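Open the model in your viewer and keep the sequence beside it. The tour goes from one selection to the next.

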Amino acid sequence: QRRVRGMSRPEHIGPPELFYDETEAAKYTNNTRIIDIQMSMSSRAIELLNLPEDQPSFILDVGCGSGLSGEAITEEGNYWIGMDISPSMLEIAVEREVEGDVVLSDIGEGVPFRAGSFDGVVSISVLQWLCNADKASHNPFKRLRCFFTMLYSSMRQGGRAVFQLYPESPKQMELITEQATRCRVTGGVVVDYPNSTKAKKIFLCLFAGVPVTGVRMPQALGDEGEDTVQYSNERQSGKKRKRGEVSKKEWIHNKKQRRRVQGKEVTADSKYTGRKRKPKF
């Protein structure tokens with residue numbers, strides 16, 4: 001079973017409510033690599049939303065899991081509600097006392113919120129799950145159509161939705177985008193670092209109530225880390241960040257703070273924290 005989990009795509013192993021059991025859910029609080037990746041993708045998705053800076057926004061986190069994406073939303077001064085199909089993941093979110101409310105729900109059955117509720121929507125690594133038929137009654141076309149139709153209704157006019165996803169093939173990506181555009185939303189796909197195997201990230205950016213002629217797609221980040229989102233401040237990727245923007249000492253302080261938030265034991269900071277040792281100690 002471990003070998004299968006390591007080699008296969010998660011959605012091929014089983015439905016999400018079973019795949020994300022207690023063991024998998026625990027990784028989202030204990031594995032710092034998973035946490036860092038999740039927070040990085042969440043921050044990028046929020047950046048692509050281009051939310052107003054002078055007032056808080058109300059965000060829907062689709063597939064909120066343990067609440068890591070919600071933490072990124074909270075750090076930006078916004079409010080959020082999360083929905084997820086995995087009870088184990090939501091239990092972790094409750095134990096971590098996240099700021100937002102969480103709801104147990106299958107997004108393939110729609111978005112159970114009143115019309116015009118949300119200023120924006122974010123989703124990390126979720127949409128590809130809707131392309132699988134985990135039950136005899138599941139039809140990927142109908143489940144995608146139901147989700148996007150009700151999502152459109154729950155968003156205010158002019159609101160944006162950003163989905164980070166891992167499509168299995170171009171055909172699957174075409175299926176998702178086709179069902180989305182049939183539900184009166186406009187937008188397109190942004191691919192960060194398209195020439196990098198590890199850093200490549202795909203984002204589906206949708207706009208509610210914005211005509212095609214009025215859509216201004218954000219610009220993808222390039223391999224040099226110099227590309228910017230057209231309506232946002234300059235942003236560098238974590239691995240390609242120019243030396244000097246974030247010092248090693250600051251990076252260590254930030255990491256220690258994250259571990260304190262997770263409730264782990266961390267050595268106290270001192271004047272020697274992050275200081276480079278001399279060749280002869």
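A residue counts as buried when its relative accessible area is under 20%, and as exposed when that value is over 50%. The model on screen is predicted.

Begin with the whole protein, coloured by secondary structure. There are 10 helices and 7 strands to pick out. Of the 281 residues, 44% are buried.

Next, select Asn 132. Look for it in the loop that runs between strand E4 (118-124) and helix H8 (140-154). Is Asn 132 buried or exposed? Its relative accessible area is 14%, which is under the 20% limit, so Asn 132 is buried. To see what surrounds Asn 132, leave out its neighbours within four places in sequence and show its remaining contacts: Glu 11, His 12, His 138 and Pro 140.

Then move to Asp 54, in the loop between helix H5 (32-49) and strand E1 (58-62). Asp 54 has a relative accessibility of 69%; because this is over 50%, the residue counts as exposed.

To finish, show Asn 132 and Asp 54 in one view: Asn 132 is buried, whereas Asp 54 is exposed.

Conventions. Residues are numbered from 1 along each chain as its sequence is written. This is a predicted model: local features need pLDDT of at least 70, side-chain atom pairs count only at pLDDT 80 or more; totals for chains, interfaces and linings use all residues. Side-chain values use heavy atoms; hydrogens and water are left out. Helices (H or I, at least four residues) and strands (E, at least two) are DSSP runs, numbered from the N terminus. Buried means under 20% relative accessible area, exposed over 50%, partly exposed in between (1.4 Å probe, protein chains only). Contact means heavy atoms within 4.5 Å.
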